[in-house]
Amino acid sequence: MKRIILFAVLTVTVLRGQPRTLILADISRSESARARDSRAEQQRVLAALPDTAWCALYTVGGQVKLQFQGVLDPAHRAEVLRQVQSEQFSQPNTALGEAIQEALAAVARSAGPNRIVLFTDGQARSVPSSPY
């Protein structure tokens, strides 16, 4: 069986300021089958960012939760890598619409190049009260 890793990169460019990378990590049960691959790819993206890069990590289950935001100096990089390793893929829902909306709102408030990296299997199972 061939394994497919699905992730998307949305680049939103504004004219000035510090580059920002927002990582949205699906932690739903449907994603649990590829949890190891998802964690490895998140770590690869984080490792490629310079120590001066600003980054935010959001987990996406039934709710969108901000796990980390800040500059990836060595101490903070270790913190965000621990967050990635501790992700529990147990949420019954995936609020992908809400996650994308929150990430777009965050980049709209910033000046500079922005990158949104989404790790998901693409199965959006929003909570019943969700508009998505």
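**Ground rules.** I am working with a predicted model, where local features need pLDDT of at least 70, side-chain atom pairs count only at pLDDT 80 or more, and totals for chains, interfaces and linings use all residues. I number residues from 1 along each chain as its sequence is written, and side-chain values use heavy atoms, with hydrogens and water left out.

**Strand E3.** I took helices (H or I, at least four residues) and strands (E, at least two) as DSSP runs, numbered from the N terminus. Seven of the seven residues of E3 are buried, meaning under 20% relative accessible area with a 1.4 Å probe, protein chains only. Trp54, Ala56, Tyr58 and Val60 point one way, while Cys55, Leu57 and Thr59 point the other.

**Its partners.** I count strands as paired if DSSP finds at least two bridges between them. E2 runs parallel to E3 over seven bridges, and Arg20 sits opposite Trp54. On E4 (residues 64-71), seven antiparallel bridges lead back to E3, with Gly70 as the bridge partner of Cys55.

**Cores.** I looked for nonpolar cores, sets of buried Ala, Val, Leu, Ile, Met, Phe, Trp, Tyr and Cys residues joined through side-chain atoms within 4.5 Å. The largest has 15 residues, and Tyr58 and Val60 are among those with the most contacts inside it. H3 gives this core its largest share, five residues.

**Helix H3.** Its buried residues include Leu96, Ala99 and Ala103.

Conventions:
Buried means under 20% relative accessible area, exposed over 50%, partly exposed in between (1.4 Å probe, protein chains only).
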